[in-house]
Amino acid sequence: MLAFIVRRLLAAIPFMFLVSITVFILIQLPPGDFATSYAASLSAAGEYVDQNTIAELRARYGLNDPLIVQYFRWIGGILMGDFGYSFQWNSPVSELIGERMGLTVLLTFATVIFTWAVALPLGIYAAVHKYSIGDYIFTFIGFIGLAIPNFLLALVMMYFAVVWFGQDVSGLFSPEFRNAPWSWARMVDLGKHLIIPILVLGTASTAGMMRVMRANLLDQLHQPYVVTARAKGLSEARLLTRYPIRIALNPFVSTIGWLLPTLVSGEIITSIILSLPTAGPLLLQALLAQDYYLSGAFLLLLCMMTVVGTLISDILLVLLDPRIRYS
Amino acid sequence: MTDTAPLPQMDAPGAAPDATASHWKLMWLRFCQHKLALFSLLIVGLIYLVALLAEFLAPFPPQEANARHVYHPPQGLHFFVNDDNGFRFQPHVTAFRMERDPVSLRTSYVEDEGQIIPVAFFGRSTPYRLWGVIPMDRQLIAPVEAGQRFFIMGTDRLGRDMLSRLIHGTRVSMTLGLAGVGISLVLGLLLGGLSGYYGGRIDWVIQRLIEYILSLPTIPLWMALAAAMPRNWPPTLQYFTITCIVSLVGWTELARVVRGRFLAMRDESFVVAARLDGCSQRRVIFRHMLPSLASHIIASVTLAVPLMIIAETSLSFLGLGLQPPAISWGVLLQEAQNIRSITQAPWLFIPGALVVVAVLSLNFIGDGLRDAADPYSK
């Protein structure tokens, strides 16, 4: 068991290395570097741009060095916990991203829990009562959930919240808590504000998960061992939870690997629309302003999150299924 | 399913396929059983027809702004009038009048009872060129009096006709989905085929590549790529770039399908027979293997189109995809981005509804095709 986890962790290292290279290439893609965009923003603000200052900036941040040197300086800094300096905000990147990444992680994992809590029972119900009215209704809702892009759902929910309840649902905190220190009341406030983003984010993945669960369980329900158990007089509820559901859960757990990238993607776009104080809006701004230390840090951490998610799902899978453990 | 299972009989009464029914015919028969998919096919067909005939269907030029008709509500199209001259057929819309609240000075539109704007089907319009080539001067719906304006789906913040914009946006969004799938298809076939046919080390590398791409969150990556695109590029170049970006991820699913099929088929007797007959590798792949892959590929392609459409719409919505003056569903939805404009003008949501309808229909078609791809099963 321990050996497996260590092996799996080691295998993730080259992967993370690749991710960091990809992110570095991505943030280097826009023409010019951040010194040029800094100069452009200065002149747009009507300030005098001194070519010497720009050249000095380039020299100080080593922008004239070959890319490979720049990459190692960047990644080396990150390994030391130094994410670089944001030009747009004039402060170290690590100060900017801390709480925002925390909220992104919170939102994403809350959504994973929501997805599972809803998709699991519904999927089981749909499989056990195949072709019943309930099955059709869930399947239909599921299809619609898959077809509505996240941002559209967010817009629609915002619209109805305003029209029906006269409430602005954007943000994660009420104004009085926005800059307050963490307290119990602030947590409760956060919880209330999380509901809409979770619904927006979770709908599509819940629909997908439900279909996975339904298909998995249907595969199991007609296996001879189920018939045997039933013939031996096991009660239906006990029979279901004991055997077929346990086996059907397997692919369910392994899908967290693809669930996380989709959720992170959705989280970005949803929080931009609902103006949540998470990674999304700041990433968008940083990308548009070519504030590349900031956008690079976000991109890297978001990708890492999905890598870690896959890792967790692999470990869970081993815990859940002895067959994988011993083979 | 085992190899020894007898071939099940097709039992579609009436359509009883005789022994000579081709694969495609069987597939079509099977597809027709999926009523929802059939209906969706009709809808998608209509949407593409709209995209094809955009200039003919759109009543007004999509960029034409009317400062006097800002946020004009939709006007319903009526077919009959009943006035002093009796009841007769005369398509028209009811005119709206702008009123200003004396206290708050807010403007609002009220229906102007009795005032109508007559319209004509296939009426004369300002001359235009269909597809930029064929000169025409008639449109599906045109005001009888030249110069009059009507807004079946309302107007946006600049008083531009939503219906016309929606129709032109449909052309861009729907074709972008197709083009993106085209690129994905080439990549998917090539890499998936290589992976499945040769196996071994090539397979290992390509599989790791696919896993790698699938494990990355797409939206942040698309955003980073799209943000790298200079804002001042001409619309056609933007269109092409965005297509490439959204297809970057789409090919992986196709590659997996193709690989799986190639692997399964490599040892099938007809492929072995072809190889033993001394067919060249090219002939084995293109003459024997690809045709039996075609139906599965079509199904996967159909399921990939909606993903591309959502991707483009999301990117353009964020302001990273196509830039206005270009029109696409995502660009149109940008107008509905803030709470003020959507409460004031809920009709700005209509493009969103269209996105959902298109994506849903394409998904149903894909589902139906996937079931039909193997007409011999069940």
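V19(A) is in contact (heavy atoms within 4.5 Å) with L300(A), C303(A), M304(A), V307(A), Y212(B) and L216(B), leaving aside its neighbours within four places in sequence. This is a predicted model, in which local features need pLDDT of at least 70 and side-chain atom pairs count only at pLDDT 80 or more, while totals for chains, interfaces and linings use all residues. Residues are numbered from 1 along each chain as its sequence is written, chains are lettered from A in the order in which they are written, and side-chain values use heavy atoms, without hydrogens and water.

**Nonpolar cores**
- A nonpolar core is a set of buried Ala, Val, Leu, Ile, Met, Phe, Trp, Tyr and Cys residues joined through side-chain atoms within 4.5 Å.
- Buried means under 20% relative accessible area, exposed over 50%, and partly exposed in between (1.4 Å probe, protein chains only).
- The largest core has 157 residues, of which V19(A), W74(A) and M223(B) touch the most other members.
- A second, separate core of 8 residues includes A54(B), L57(B), Y128(B) and I167(B).

**Salt bridges**
- Over all chains there are 3 salt bridges, each a side-chain nitrogen of Lys or Arg within 4 Å of a carboxyl oxygen of Asp or Glu.
- R214(A) pairs with D135(A), with the closest N and O atoms 3.0 Å apart, and both residues are buried.
- R230(A) forms a salt bridge with E236(A), also with closest N and O atoms 3.0 Å apart; R230(A) is partly exposed, at a relative accessible area of 39%.
- R259(B) and D203(B) meet at 2.6 Å, N to O, and D203(B) is buried, with a relative accessible area of 11%.
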